[in-house]
Amino acid sequence: MRKTLLFAMREYKAAVRTKGFIIGLVIAPILMSGSILAFVLLKDKVDTTDRRIAVIDRTGRVASKLLEFAEYHNTNETRDPETGEKIRPLYLFNVVDAEEDAHAQYLRLSDSVRSGALYAFLVVGADVVHPTPDAEDAKLSYYARNAALDDLREWLMFQINTRLRQLRLYDAGVDERNLPDLFYWVGVEGLGLVSRDESTGTIEEARQASPIEAIAVPIGIMMIMFLMIMMSVPGMLHSVMEEKTQRIAEVLLGAIKPFEFMMGKLIGGIAVSLTSSSVYIIGAIVAVSYMGYDDYIPFHVLPWFVVYMLLAVVMFGALTAALGSTCSEAKDAQSLSFPSLIPAIIPMFIYFPVAKEPLSAFSTWVSLIPPFTPTLMLLRMATPEPIPIWQPIAGLIGVLLCTVLFVWAGGRIFRVAILMQGTPPKLSNIVRWALRG
């Protein structure tokens with residue numbers, strides 16, 4: 001055991017004393033959250049080039065009001081009220097008459113969009129005011145180069161539907177001025193559940209539901225777990241392969257047994273993960289508390305996080321260390337790197353439905369699959385919805401058994417393959433070594 005701990009200490013020092021570890025410690029969370037940071041920083045950086053739009057109004061009743069809406073937008077919503085800086089584009093509409101040959105007219109307008117003379121053109125169907133199931137022209141058609149993600153399309157949809165409601169009231173003989181609150185929307189306020197304070201017995205008001213608590217915090221904790229796995233596990237495969245190909249393993253195995261060699265690697269990986277996670281968790285708690293969201297920190301999840309992280313590093317580390325021992329060349333390690341991490345990557349593709357409905361049957365069963373449990377079970381536990389206590393316990397037992405299996409099989413593969421040269425890492429050989437030792 002002493003030799004294993006000494007070897008683990010060597011692995012830990014070799015990892016944390018490098019500049020790459022320090023740089024990775026800083027860069028990794030930036031890359032993981034880069035898209036969110038970019039969205040926050042660039043959300044107000046919009047293209048302020050004026051938009052020229054042609055409108056074909058087949059009803060003859062919509063375009064005039066649309067011009068009024070655009071005038072209000074251009075006057076009141078395009079400049080910063082404090083600095084006067086232009087922050088949004090002007091909407092400049094040009095109403096054109098519908099021609100008999102609609103296809104030829106649409107082609108000519110499309111060419112104008114392609115040349116830059118127009119930004120887009122809109123066709124208001126003749127039956128949109130009073131649409132029926134069998135109406136042939138009850139639609140609004142917006143033609144642009146990138147219509148699917150165009151903010152102007154959303155603006156048009158809201159404004160035109162407001163106008164359509166006004167026209168329907170008018171046609172029904174209702175004076176809109178007698179119903180000033182007709183178009184006043186009332187939102188549905190999201191709240192948690194009312195609870196009783198057990199110490200005082202008083203009833204506490206429900207807390208307002210927050211997307212930060214429901215989505216950002218669970219996903220953030222899951223991402224830290226994923227980050228710990230990715231910072232610790234892939235390096236073991238390449239480290240074992242390099243020590244094998246450079247004959248360092250032969251020297252080390254003169255002093256320790258192959259299983260002690262592998263366990264030293266795993267314990268070193270655990271120490272690296274604890275160091276990194278301590279930095280991230282403490283930093284996250286300080287940052288969140290500074291921003292005033294400390295009520296959203298799920299402190300009850302942190303002990304589970306530590307336990308799941310240790311088991312995840314050992315589980316995936318045993319697998320990758322064993323695979324690294326089968327590699328005799330760098331290209332072998334490159335070909336095995338991605339397959340060995342697939343069990344850790346799959347939860348990244350399914351985390352959103354799990355975060356949205358953490359108590360669903362799908363979320364429950366997928367989080368009980370041992371390779372997925374460390375990330376998905378933590379994600380569910382960090383959501384505002386409490387999950388039954390038997391589920392994290394069952395998940396923990398499953399991960400523990402899977403870890404024992406991986407260490408057992410990995411140790412048998414490691415013992416055979418670490419001193420074997422010139423044998424490619426075929427799946428049949430790996431399975432045979434795991435079963436027969």
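In what order do the four strands of the open sheet sit? Okay, so that's where I'd like to start, and keep in mind that this is a predicted model. The order is β2-β1-β3-β4, and the pairing is mixed. At the edges you'll find β2, residues 91-96, and β4, residues 140-144, each pairing on one side only. If we ignore direction, neighbouring strands are turned by 20° against each other on average.

Let's zoom in on one pair. Strands β1 (residues 51-57) and β3 (residues 120-124) run parallel, and five bridges join them.

Helix α5, residues 102-115, packs on it and touches β1, β2, β3 and β4. The direction of α5 makes about 150° with that of β3. Then there's helix α4, residues 63-76, which lies across β1, β2 and β3 and runs at about 165° to β2.

Next up, α14, residues 373-382. Is this helix mostly covered or mostly open? Mostly covered: ten of its ten residues are buried. Those buried residues, including L376 and R380, pack against α7, α10, α12, α13 and α15.

Speaking of α15, which spans residues 390-417, that's where L401 sits. L401 counts as exposed because its relative accessibility is 58%, and the cut-off for exposed is over 50%. Together with I389, W390, I393 and I397, L401 forms a nonpolar patch on the surface, with about 540 Å² of accessible area in total. Here's a handy rule: an α-helix has 3.6 residues a turn, so residues three or four places apart point the same way.

Methods: Residues numbered from 1 in each chain as written. Predicted model: local features only at pLDDT ≥ 70, side-chain atom pairs only at ≥ 80, totals over all residues. Heavy atoms only, no water. Patch = residues over 30% accessible without salt bridge, like charges linked within 9 Å, V, L, I, M, F, W, Y side chains within 5 Å. Areas by Shrake-Rupley, 256 points an atom, 1.4 Å probe, with all protein chains shown as cover. Salt bridge = Lys/Arg side-chain N within 4 Å of Asp/Glu carboxyl O. Helix = DSSP H or I, 4+ residues; strand = E, 2+ residues; numbered from the N terminus. Buried < 20%, exposed > 50% of the residue type's maximum accessible area, 1.4 Å probe, protein only. Contact = heavy atoms within 4.5 Å. Pairing = 2+ DSSP bridges. Axes fitted to C-alpha atoms, helices over the stretch in contact; angles between N-to-C directions.
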